[in-house]
Structure formats: structure tokens, C-alpha cells
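Please consider the sequence and model shown here.

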Amino acid sequence: KDVMAIIDYRKDLRKDVMAIIDNSRIKLREEAMVASHEQAKNVCWICLQHGTHNNPLYESKCVCRGGAMIGHVECFVEFARSAFKDVKKREYTYCDCLKCATCKHEYNGYIRLEMAMELVRLRDPESKALELSSYNGLHINQLDSMYHAIKTLEYALLSDLQTNITITTQKEKEAMEKRIAPLRMRLNEKLLDIVKANETNTELAQCEIVSELGMLHFQSDQLVEGLRLLLENYRHLLHLPQTDRNVLIQRSRAGTILVQVYVKLSSLSSNSAEDKASFLEKAEILCSHILAIDTHLYPTAQNADTLRHYYQYAHIRFQQGYIDDARDTLYSTVVESKRILGPKHELTLALYSLLAYIIKYHDEKKLSSSSSDATSNNNSISNTNAAHENDDDATTISSPNQNQIKKKSSHQNKKKKKKSNKKKK
């Protein structure tokens with residue numbers, strides 16, 4: 001019974017994953033296809049042939065302009081096959097072929113899905129990676145191949161989340177992440193089993209998977225288990241040698257996930273105001289540590305990860321109420337993101353969106369404060385006017401010879417003017 005349950009569990013996992021991927025393939029194909037009236041105008045950047053009804057052109061969804069992002073899906077798949085044949089490129093999980101060679105941006109949507117699935121078929125031709133219950137006793141090369149196959153399968157599973165057309169709002173994206181989180185959790189459990197079976201792997205490989213598992217537990221609403229995994233993993237990373245560059249990189253990644261969890265915990269309505277402030281304070285301290293690691297790792301130039309950390313920091317400072325600090329951080333980060341990643345990159349657009357929201361919030365707060373100050377000033381002016389009227393009444397009653405005093409002062413002024421005129425003459 002136990003053996004049959006394991007076998008059924010593994011079969012169901014593959015079936016569920018393929019069901020999500022097949023559903024995404026239908027939607028993404030329609031989104032990525034070039035319009036029918038432009039198929040004959042454009043050419044594939046690989047084979048330089050026009051698109052036809054039977055062999056249409058698709059957009060690769062990178063940030064390149066013009067025809068560099070358009071091609072036949074079979075040409076892109078053949079490009080992935082040729083990359084897999086290269087022994088050096090095969091050492092990388094995605095064979096260094098799922099990024100555009102021109103703009104260095106990842107392919108997204110339908111092209112990304114088909115190229116990733118082709119790499120999965122090449123890595124695991126017999127489809128055993130998800131069906132085995134134990135990986136002990138397998139050869140190291142076979143374990144590496146299965147590890148890369150499952151990792152690429154998870155990458156293909158996320159293709160639907162990387163397009164802005166299918167998912168129009170943040171709520172829809174979070175709902176999609178929540179729906180596939182259990183599947184990704186089971187895939188990462190398989191990855192952890194493979195890493196433990198492979199004696200050549202270091203502790204860092206396990207830490208990376210445990211960080212991902214903690215985040216997936218959190219996305220599946222298993223908050224306590226997710227936070228426990230993340231905290232234990234981060235504490236374990238702190239005990240590793242901090243002079244190792246790989247340890248610092250992994251610590252930065254694990255800390256970034258933990259910051260996201262703290263921010264999400266602070267937004268829960270069930271928490272009190274003190275708990276929310278405490279979670280935000282922990283997130284802010286951890287985020288500043290991550291930024292310190294970034295400056296140590298990349299002292300001369302910033303990259304996409306560093307810019308994401310600045311985005312997190314600005315968002316946390318805004319939630320803490322430090323609006324000016326958040327706005328100043330975003331101003332400099334937007335400029336760098338636009339220069340490094342481009343104006344159409346999702347992170348650049350997210351930075352612009354948060355900056356616009358903060359500016360709008362600041363202006364509305366300023367207007368409300370100025371209007372309240374104006375009302376209070378009007379009340380004080382009316383009170384002072386009333387007081388002055390009372391004072392005038394009192395002075396008119398107490399000083400009946402006021403007109404005589406005015407006449408004397410005007411007469412003295414006339415005399416002074418005459419003397420000054422004589423001196424001038």
C-alpha cells in the first residue's frame with residue numbers, strides 16, 4: 001500500500017504539472033503570435049524567413065525593439081537543442097539559452113515555455129525524474145541531469161506568471177502563485193532529495209532549496225512552517241564562512257525572501273499595530289544588511305538584484321512613515337534601473353509605479369494639512385478680529401481726546417517738513 005501510494009503520488013505530480021503547462025501553452029500561444037497581417041512583413045531573426053499560416057512568427061517577449069524579438073517557435077527550439085549540445089553550456093541549468101543574446105533579458109511567454117520544455121525532454125528523456133521515489137545509488141551525472149530537468153520544469157511552470165497580458169492585476173498574479181505553490185513545493189522537495197543523494201553538493205545547494213521551500217509554504221498559507229524554515233536557514237547561513245562569495249550571495253537571496261515574508265506578515269489584518277511595526281522594523285534591519293552585502297559583492301556597479309533590494313527598502317520605509325526617505329531612494333533607483341535594465345523592464349515599471357503612488361500620497365497629505373491649517377487660521381483670525389473690535393470699543397470709551405492728539409501730531413509733522421525744506425534750500 002505504501003509503495004503504491006508513493007507511485008500514485010509521483011504520477012499525480014507529473015500529471016498536475018503537465019496540466020498547468022498545457023493550459024498555459026494555449027493562452028500564451030495566442031498572446032505571443034504576431035498579427036496575421038504582419039506575418040508576411042516580418043522575418044525570423046534566426047532563419048530570416050517570413051511567417052506563414054502553418055509556421056507563424058512569435059514574439060520572444062524580451063526588451064529588444066524591432067525584428068530581433070520575433071521568430072518561429074521551431075527555430076527557437078532548435079536554438080535550445082544546439083545550446084544543449086555544447087558541453088560547457090550544458091553545465092548551466094538552462095544551458096545559457098533562455099536569455100536574449102542582445103538585451104540579456106529573459107525570454108517570456110510562449111517561447112520561454114517551449115524552449116524550457118525541450119530542455120526538460122533532453123535532460124530527462126525517459127521522464128523518470130518525477131516518478132522515482134528514491135535517488136540513492138544513481139550516478140552523479142544522472143542526478144545532475146534530473147536536478148536540472150526538474151529545475152527547468154519549474155521554470156516552465158512559471159511562464160504564465162511572467163506575462164503582463166494574461167495577468168492584469170497583482171491579485172490575479174498572487175492567486176496564480178497560490179494555485180501553483182503546492183506543485184512547486186513538491187518539485188522542490190524532489191530537488192532536495194536529489195541534492196542530498198548527490199555527495200558532491202555543498203550545504204549551499206540545500207540552503208537555496210530550503211529558502212525556496214519556506215517561501216512556497218508561506219504562499220500556500222502555511223505561515224508558521226514557512227517562517228520556521230526561513231529563519232533556521234538564515235541562521236545556518238550566518239554560521240558559514242562569511243568570506244566566501246557564494247555564501248554571501250546565498251545569504252542575500254535567503255534574506256530577500258525573509259524580508260518579503262516579514263512585509264507580508266505586517267500587512268495581515270489580524271496583527272496588532274505593535275506587531276506590524278515590529279515586523280516592519282525586522283524587515284528594515286534585514287534589508288539594510290542585504291544592501292551592505294550588495295555593496296561588498298558589487299562595489300563598482302549595480303545589478304537587477306541590488307535594484308530589487310532598494311525597491312524593497314523604499315517600500316518598507318514608506319510603510320514605516322518615512323516618506324521623504326522612501327521617495328529619495330526611489331528617485332535614484334529609478335534612474336539606475338532605467339539605465340541598466342531599460343525603461344520597459346518590469347522592475348523599472350514597478351519602481352515608477354511605487355514612486356508615483358508615494359508622490360500622490362505625499363501631495364494629498366500636504367493638501368489635507370494645508371486645508372486644516374487654513375481652517376484653523378481662519379478661526380484664529382476671526383477670534384483676533386473680535387478681540388480687536390472689543391479693544392477699539394474700550395479705547396474709544398476711555399480716550400475721548402483722541403482727535404486732539406491726532407491734530408497735534410499732524411501739526412508737529414508739518415513743522416519738521418518745513419525745517420527740512422529750508423535746510424535743503
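The questions below concern the chain as a whole and then its aromatic rings.

This is a predicted model, in which local features need pLDDT of at least 70, side-chain atom pairs count only at pLDDT 80 or more, and totals for chains, interfaces and linings use all residues. Residues are numbered from 1 along each chain as its sequence is written, and side-chain values use heavy atoms, with hydrogens and water left out.

Reader: How many helices and strands does the secondary structure of the chain come to?
Author: Helices (H or I, at least four residues) and strands (E, at least two) are DSSP runs, numbered from the N terminus. On that basis, the chain comes to 14 helices and two strands.

Reader: What percentage of the 425 residues of the chain count as buried?
Author: A residue is buried under 20% relative accessible area, exposed over 50%, and partly exposed in between (1.4 Å probe, protein chains only). Of the 425 residues, the buried share is 40%.

Reader: Why does the pair of tryptophan 45 and phenylalanine 79 count as edge-to-face?
Author: Rings of Phe, Tyr and Trp (its six-membered ring) pair if their centres lie within 6.5 Å; planes under 30 degrees apart count as stacked, over 60 as edge-to-face and the rest as tilted. The structure holds eight aromatic pairs. In the pair of tryptophan 45 and phenylalanine 79, the centres are 6.2 Å apart and the planes stand at 65°, so the pair is edge-to-face.

Reader: How many residues apart in sequence are the parts that tryptophan 45 and phenylalanine 79 tie together?
Author: Tryptophan 45 lies in the loop between helix H1 (2-32) and strand S1 (57-59), while phenylalanine 79 belongs to helix H2 (residues 73-85). The pair therefore ties together parts whose separation in sequence is 34 residues.

Reader: Over the ring of which residue does the charged end of arginine 112 sit?
Author: A charge sits over a ring if NZ of Lys or CZ of Arg is within 6 Å of the ring centre and within 35 degrees of the ring normal. The charged end of arginine 112 is 3.6 Å from the centre of the ring in question, that of tyrosine 155.
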